[in-house]
Amino acid sequence: MTTDQEWLRRAIELSRRCPPSRTAFSVGAVIVGADGEVLAEGFSREVDAVNHAEEAALGRLAPGDPRLRTATVYSTLEPCGQRASRPHPCAELIVAAGVPRVVVAWREPALFVEDCRGSALLTAAGVEVVELPELAAEARAVNAHLLG
Ligand SMILES: [Zn+2]
């Protein structure tokens, strides 16, 4: 059985493939089904210039895919709770997809968004949010150029 840590490490590996940006974080995401099968993967700016990792991964699955109802989304960064470039932030996309559990390494620092509400939005919708702070440094390191 692959552990939460191992899946999140895989998401961190994906985040290293993001096209570089000076105005957005590099994030990786893996969606894993209840039986431990990878349903989809994604990383920031994979599909277009403003694409987010969770969005790229969710976009690979049919909206009503029943496996999403028991899946976990592993994301190196807390899913966004607001965004300028799309009508729905990733936290809303995850709720809409019916995913019951999200595991993150790193909470969004107040750099591009004053106060990230992604986790609060997810929790309010009944999604379990698990943070693995032991992997935060690794997830941050991929974004060191943004953080000075
Ligand atoms: Zn997002």
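Predicted model: local features only at pLDDT ≥ 70, side-chain atom pairs only at ≥ 80, totals over all residues.
User: Is strand β1 enclosed by the rest of the structure or exposed, and how many of its residues are buried?

Analyst: Strand β1 covers residues 28–32. Gly28, Val30 and Val32 point one way from β1, while Ala29 and Ile31 point the other way, and all are buried.

User: Which residue of β2 is the bridge partner of Ala29?

Analyst: Strand β2 spans residues 38–43 and runs antiparallel to β1, with 5 bridges joining the two. They form a hairpin with 5 residues between them, and Gly36 in the turn has a positive phi of about 85 degrees. Within β2, the residue bridged to Ala29 is Gly42.

User: Which residue of β3 is the bridge partner of Val30?

Analyst: β1 is also joined to β3, residues 72–77, by 4 bridges, and these strands run antiparallel. In β3, Val30 is bridged to Tyr74.

User: How many residues does the largest nonpolar core have?

Analyst: Ala29, Val30, Ile31, Tyr74 and Ile94 have the most contacts inside this core. The elements giving two or more residues to the core include β1, β2, β3 and α3 (90–97). The core's residue count is 44.

User: Which residues does Ile94 touch, not counting residues up to four places away in sequence?

Analyst: Ile94 is among the residues with the most contacts inside the largest nonpolar core. With residues up to four places away in sequence left out, Ile94 touches Glu54, Val73, Pro79, Val99, Val102, Leu122 and Val127.

Conventions. Residues numbered from 1 in each chain as written. Buried ≥ 20, exposed ≤ 12 C-beta atoms within 10 Å, placed from the backbone. Pairing = 2+ DSSP bridges. Core = buried A, V, L, I, M, F, W, Y, C linked by C-beta atoms within 7 Å. Contact = placed C-beta atoms within 7 Å.
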